[in-house]
Amino acid sequence: MATTVARTALELEIGELRHAHSAPIVTTCYLNVDGALRPRRTDYLAAFALLAQQAQGVNVEDAEVRTAHDANVAMLARWLEEHFERSRTRGLVMVCCSRDSWFRAVPLSVPVHDQIAFGHRPHLLQLEITLAKAKRFGVALVDHEKMRVFEYHLGELSESSALFEGTAPHRDRQRGWNVSSSPSGSGDAAAQWASAGTHVDRREVATAERHLVRCAAALTDHLDEHPVDHLVLGGPTPERERLERHLPDRYRSRVVGFAAVRVAAPLDEIHAAVSAIALDVEKRDDKAVRGELATASGTGLAIHGLEPVLAALSDGRVKQLFISTGLESRPGSLCTLCQALSLSEARCPVCGGTTTPVDDIVEAAVERAAHSGECRFVRREHLDAAMGGVAAIVRY
Ligand SMILES: [Zn+2]
C-alpha cells in the first residue's frame, strides 16, 4: 500500500520559498524565539541584533551587493520590530530580498538555531532538517459511539475528514432487557465494561465492544497509510483503554500520552491537550539525547568542540552531531582534494591540499552530518560554551 504523508500548509508554504538572483542578495535569517529560552521580547531582539552585527561583519567586495545586504537586514529588523507577534511561535525563519521588496516569514512551533545567511536563493537547509526531524503525532479520540482521528505535526492539528463515520454501533436499547439478574463472571467483558451499580445491557456491551474493535482496526489501517512517530489517545477512560488494548503492538507501543478531552471537544481544546503532550515528548527526547551523549562520553565515544568534530566529520566517523542553539555560524574551509572540513585553514589539516573558503562551517557540518548520520539542535543550556557549543557521538 502506498504511503502518503499529508503535506501541511507549512510544507506547501516552504515549497513556495523560491526566490533567486544571479547576485547573492537573498538573506535568510533563523531566529530562536522560544519563550522557554528567550522569555522577553527584548531577549530575541537582542539575539537578532547579534545576527545583524555578524551580517555586517561579512566581507563583501561588490558595493551593490553590500548595499543590498544591509538593506535586507534593515528590512528584517523592521518587520521583527513592527509586525512580529510571537504567540505560539518558537522558531522564526525570515527570508527577504529588499531589492525586489520580497519578504517571507515562516513561523514554526519548534525552535531553530540562530543563523543569518546570504545567497543567490533562500538558505533552507536548516528548515528542511527541522521539518524532517519534527515528530508526527497521530491522535485518536474515542467514545462508545464514535472516533475522531487527527494528526499533529509542527504545531498544526488536522482532522481526518469523515474517515470514521458510520462505525457507530446500532443502539436500539430496549428497556427491561438488562442482565442485572444474571451477573456475569469475573473477566467477562460485561463486568469490566459496566461501572459499578449500573444495569448492564449485554447487547449494548457487545455492540460497544464491536465498535471499539472496529475503531482499532480502522485506526490501524489509517496509521498504516499515514505513518506517525507517536500516538495520543483520548476520550473517556474505559473506551480509550479498550481501544488501546485492541491496537496491534506496533501501534500500542507508540502511545505516549492521553489527552483528557471529550470526543466532541472543539479543535482548540484538543490542540492545547495534544501540544502539551508533544512538548513533554520533546523534553523527554531531549533528555534521552543528553543521556546518550553522557553515556557516549563515559565510553570515550563523544567528542566536544568544533575543531575535533570537524575532523571526525571529515573521517566519516560521526554517528550523531549535536549543535547548540546558541552556536553562531562562522567561516571555515573545505579541502578541494579530500573534502575535509576545517576552521579557516589555507592547507587541509588532513591531506595538506589546498582549501576553498566556506561562509558558514557550522552549516557545512550540519549538511555533512545529515548525509552520514544524524544531526540535532540542542538547547544552549545543555551544550554550553564549555563544550564548544558542538558535540558528536562517533562510531569509533
Ligand atoms: Zn584534504
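## The big picture

What you're looking at is a predicted model, where local features need pLDDT of at least 70, side-chain atom pairs count only at pLDDT 80 or more, and totals for chains, interfaces and linings use all residues. Residues are numbered from 1 along each chain as its sequence is written.

The protein's secondary structure comes to 11 helices and 16 strands. Here helices (H or I, at least four residues) and strands (E, at least two) are DSSP runs, numbered from the N terminus. Of the 396 residues, 33% count as buried. A residue is buried if 20 or more other C-beta atoms lie within 10 Å of its own, exposed if 12 or fewer, and partly exposed in between, with C-beta atoms placed from the backbone.

Now for contacts: two residues are in contact if their C-beta atoms, placed from the backbone, lie within 7 Å. Among contacts between residues at least 6 apart in sequence, 67% join residues at least 24 apart.

## Two cores

A nonpolar core is a set of buried Ala, Val, Leu, Ile, Met, Phe, Trp, Tyr and Cys residues joined through C-beta atoms within 7 Å. The largest one here has 31 residues, and those with the most contacts inside it are Val309, Leu321, Phe322, Ile323, Ala365 and Ala392. At least two residues of this core come from each of α10 (306-315), β11 (318-324), α11 (361-372), β15 (374-378) and β16 (390-394). There's also a second, separate core of 27 residues, with Leu31, Leu51, Met94 and Ile116 among its members.

Let's zoom in on Ile323. Leaving aside its neighbours within four places in sequence, Ile323 is in contact with His113, Val362, Val366, Cys375, Phe377, Val378 and Val390. As for α10, its buried residues include Leu306, Val309, Leu310, Ala312, Leu313 and Ser314. After α10 comes Gly316, which has a positive phi near 75°.

Helix α2 covers residues 41-57, which makes 17 residues. From its first C-alpha to its last it reaches 25 Å, close to the 24 Å expected at 1.5 Å a residue (the expected span is 1.5 Å times one less than the number of residues).

Which residues of α2 are buried? They are Tyr44, Phe48 and Leu51. These residues sit on the same side of α2 because they cover an arc of only 55° around the axis, where the arc is that of the directions from the helix axis to the C-beta atoms. What covers them includes β1 (26-32), α3 and β4 (115-119). Turn to the face pointing away from the buried side and you'll find the exposed residues Thr42, Ala46, Leu50, Gln53, Gln56 and Gly57.

Arg38 lies in the loop between β1 and α2. Arg38 counts as partly exposed because 19 other C-beta atoms lie within 10 Å. Not counting residues up to four places away in sequence, Arg38 touches Asn32, Val33, Asp43, Tyr44 and Ala47. Arg38 and Arg90 are 52 residues apart along the chain, with their C-alpha atoms separated by 9.5 Å.

## Strands side by side

Two strands pair if DSSP finds at least two bridges between them. β12 and β14 pair over 4 bridges, and Ser333 stands opposite Pro357 in β14.

Elsewhere, 4 bridges join β6 (residues 147-153) to β7 (residues 156-159), and these strands run antiparallel. Glu151 stands opposite Ser158 in β7. This hairpin has 2 residues between the strands, and Leu154 takes a positive phi near 50° there.

## Positive phi in two loops

Ser87 has a phi near 45°, a positive value in a residue other than glycine. You'll find Ser87 in the loop between α3 (63-82) and β2 (91-97). Is Ser87 buried or exposed? Ser87 counts as exposed because it has 8 C-beta neighbours inside 10 Å.

Gln339 is another non-glycine residue with a positive phi, near 65°. Gln339 lies in the loop between β12 (332-335) and β13 (341-343). With 14 other C-beta atoms within 10 Å, Gln339 is partly exposed.
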